[in-house]
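Biologist: I would like to learn how to read a model of this kind, one feature at a time. Could you give me the general idea first and then the case at hand?

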Amino acid sequence: MPLLELIDLRTHFFTDAGVLRSVDGVSFSVEAGETVGVVGESGCGKSVTAMSILRLIPEPPGRIVGGEIRFLGQDLVRMPIAALRKVRGNSISMIFQEPMTSLNPVYTVGDQIIEAILLHQDVDEDRAREIALDMLRKVGIPAPEQRIDEYPHQLSGGMKQRVMIAMALSCQPKLLIADEPTTALDVTIQAQILELLKQLQAEQGMGIMLITHDLGVVAETTDKVVVLYGGQMAEVAPTSTLFSSASHPYTQGLLRSLPDRAPPGSRLPTIPGMVPSPLQFPTGCRFRTRCGQASPACAALPPRVERGPGHAVWCHHPQPPAGGAA
Amino acid sequence: MSAPDPLDPLDPSAPLLRVEGLVKHFPIFKGFFRRQVGSVRAVDGLSFDLARGQTVAMVGESGCGKTTAGRAILRLVEPDAGHVYFRGHDLPAAPPETLRALRRHMQIIFQDPFSSLNPRQTIAQIVGRPLQLHGLAATEAEAEAQVKTLMEKVGLQASYSTRYPHEFSGGQRQRIGIARAVALRPDFIVCDEAVSALDVSVQAQVLNLLLDLKEELGLSYLFITHDLGVVKHLADEVVVLYLGQLCERTTTKALFSAPRHPYTQALLSAVPHPEPGRARKRVILRGDVPSPIAPPSGCRFHTRCPLAHPRCAAEAPAEHTVAPGHVVRCHLYDGNSAPVDILAGAPNGGR
């Protein structure tokens, strides 16, 4: 049984301007000890998917209108809110992109970590403080005895993200959802944080769902990749397969447009146009308005096509592996 | 004197732009009497040349002073010391009217396409106003015609010129910012993280546009970015900064194939590559970038450098030329031009 399984998840927002079908049929799974990358551009539904798992979608206007979210066999979508609270921050934790805004500025970092521990573990305050100190030490905060009583503004961006990780992992979650955890950080700090996550994963055996737009981070840290476009599945594949033999025209276009892979100074192959507004998603395959392979058939929902072990693509015209995408 | 004179605009061998010993400190005031208690040493002695038609990338992490350097070069902030030679003038010393006339030739594209366009002006006003101010369009109608040509040039429909910025996506807004920058037919454009806020597929479109415009209009770019993939793709030369000071300056090719400064090596090794399974060694630097208010003594990188030795804390390194056009500010290259590898450890008993 997978740790987490999303089956045809649909989260829509009902606004005055119309219905935003931000997540519309997303299915994938995360195993224990596995890191799954969820990639796509702005508006592809990757963050809404993450928020849906913990049912953090503001309701109204948002609502999970269909599908299942199975966590260790239990359906989180239909779980009563009291039972869900026991899961949140305990067996599933989340870290957000902005360490600057996701810590409360008027409490010390210690207070914030200790609160989470007291809420979910049967320990007294002294023991909770010990656990918090231990976590701060584990995530590489220098002088944790001093830092624990400091306020978020006294810490650098990288330190704050470490505090967030310490908080998220203090209850030894089985699943960690990391939404762009290093996007706001410098590369040398990003390398530290990614290394730290890897090391903690090896120790605690948790599954990680890593949401990012950075294909470099995906290549180096994930086992499996889910590519989303316009709230729908485009492709899922083991990481090395995705980079060597992507078969969705969107994935191929995305990989080709990376400057890292093109000869210096050359014009980069681009995907024409831009991501349409969720109010104006085309019917059928949502990528068809920008796709070079599109045909009239694409006006119908794309079928799921198996391409190999663990590799599937949602497309009417799956492509052979692109040449030159070494 | 046989060396090219940076003040002679007619000397074809002179660089388009020469920056010499640029310094910009921001004072920090405290208390009721606004006493100065210190300063942020954002840029502390930066020198480089930008040749005509070339692109120099300025890279480094947050707080390294790259944005301040870009602004001080254009005199959008007043530099505290140093020279910036451009079109026969030393910009920091240029009188206001000269500077105003020179502004036409040097423009900037900002990172944030959301806050760098006036929300109350139409695209025609945003792009057309500078044309009238600098006398490149005598009448409103003339400006309008030029705006339409410019919009098509940057890949926007000319009929959109009456729209307001909020009606455009991030990528389109960045194109508007580019149209505004090239409207005055400048020689030199500072691109301050111009593609950093864009999605991958849109970023590729905008990079292509910048490359096309460079060729078509003979532009020179100072490209400020933290994205080394972008640097590798479009820069001819690279300047690496750390805490307001130069670490290394060389051609893009040399920088990526044989980086010399320990910081450059660590920076390059930290960048994740979109190639899974690629065998590589990574140096993970300990700690954070120190504050530019109280930068470390000596070499500013010594607190995080795995190869630091006592001299690094005591004495600021000089610029050492290790190969033609390749300058490194590091004691390890004092009297030694052989590459040092932080992955392998120090050659001369450092650490």
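Modeller: Let us begin with burial: a residue is called buried if 20 or more other C-beta atoms lie within 10 Å of its own, exposed if 12 or fewer do, and partly exposed in between, with the C-beta atoms placed from the backbone. By that count, buried residues make up 50% of the 326 residues in chain A, and 46% of the 351 residues in chain B. Please keep in mind that this is a predicted model, in which local features need pLDDT of at least 70 and side-chain atom pairs count only at pLDDT 80 or more, while totals for chains, interfaces and linings use all residues. Residues are numbered from 1 along each chain as its sequence is written, and chains are lettered from A and ligands numbered from 1 in the order in which they are written.

Biologist: How many helices and strands does the secondary structure of chain A come to?

Modeller: Helices (H or I, at least four residues) and strands (E, at least two) are DSSP runs, numbered from the N terminus. Chain A comes to 10 helices and 12 strands, and chain B has 10 helices and 12 strands.

Biologist: What radius of gyration does chain A have, and what would a compact globule have?

Modeller: The radius of gyration is taken over C-alpha atoms, and the globule rule is 2.2 Å times the number of residues to the power 0.38. For the 326 residues of chain A the rule gives a value near 20 Å, and the chain has 21 Å, which agrees. Along its principal axes, the C-alpha trace of chain A spans about 65 × 50 × 40 Å.

Biologist: In what order do the 8 strands of the open sheet in chain A lie?

Modeller: Two strands pair if DSSP finds at least two bridges between them. The order in chain A is β6-β7-β8-β3-β9-β10-β12-β11, and the pairing is mixed. At the edges stand β6 (92-95) and β11 (304-308) of chain A, each with a single partner strand, so one side of each is left without a neighbour in the sheet. Within this sheet, β7 (residues 175-179) and β8 (residues 207-212) of chain A pair in the parallel sense over 5 bridges, and A:Ala178 has A:Leu210 in β8(A) as its bridge partner.

Biologist: Is helix α6(A) largely enclosed or left open by the rest of the structure?

Modeller: It is largely enclosed, because 12 of the 13 residues of α6(A) are buried, among them A:Met159, A:Lys160 and A:Leu169. The cover of these buried residues includes β6, α3 (109-120), α4 (125-138), β7 and α7 (187-204) of chain A. As for length, the expected span of a helix is 1.5 Å times one less than its number of residues; α6 (residues 157-169) of chain A reaches 18 Å from its first C-alpha to its last, close to the 18 Å expected.

Biologist: How many residues does each chain give to the contact between chain A and chain B?

Modeller: Two residues are in contact if their C-beta atoms, placed from the backbone, lie within 7 Å. The contact takes 33 residues from chain B and 37 residues from chain A. On the side of chain B, the elements that give two or more residues are α6 (200-217), α7 (228-234) and α9 (262-270) of chain B, and the largest share, 8 residues, comes from α6(B).
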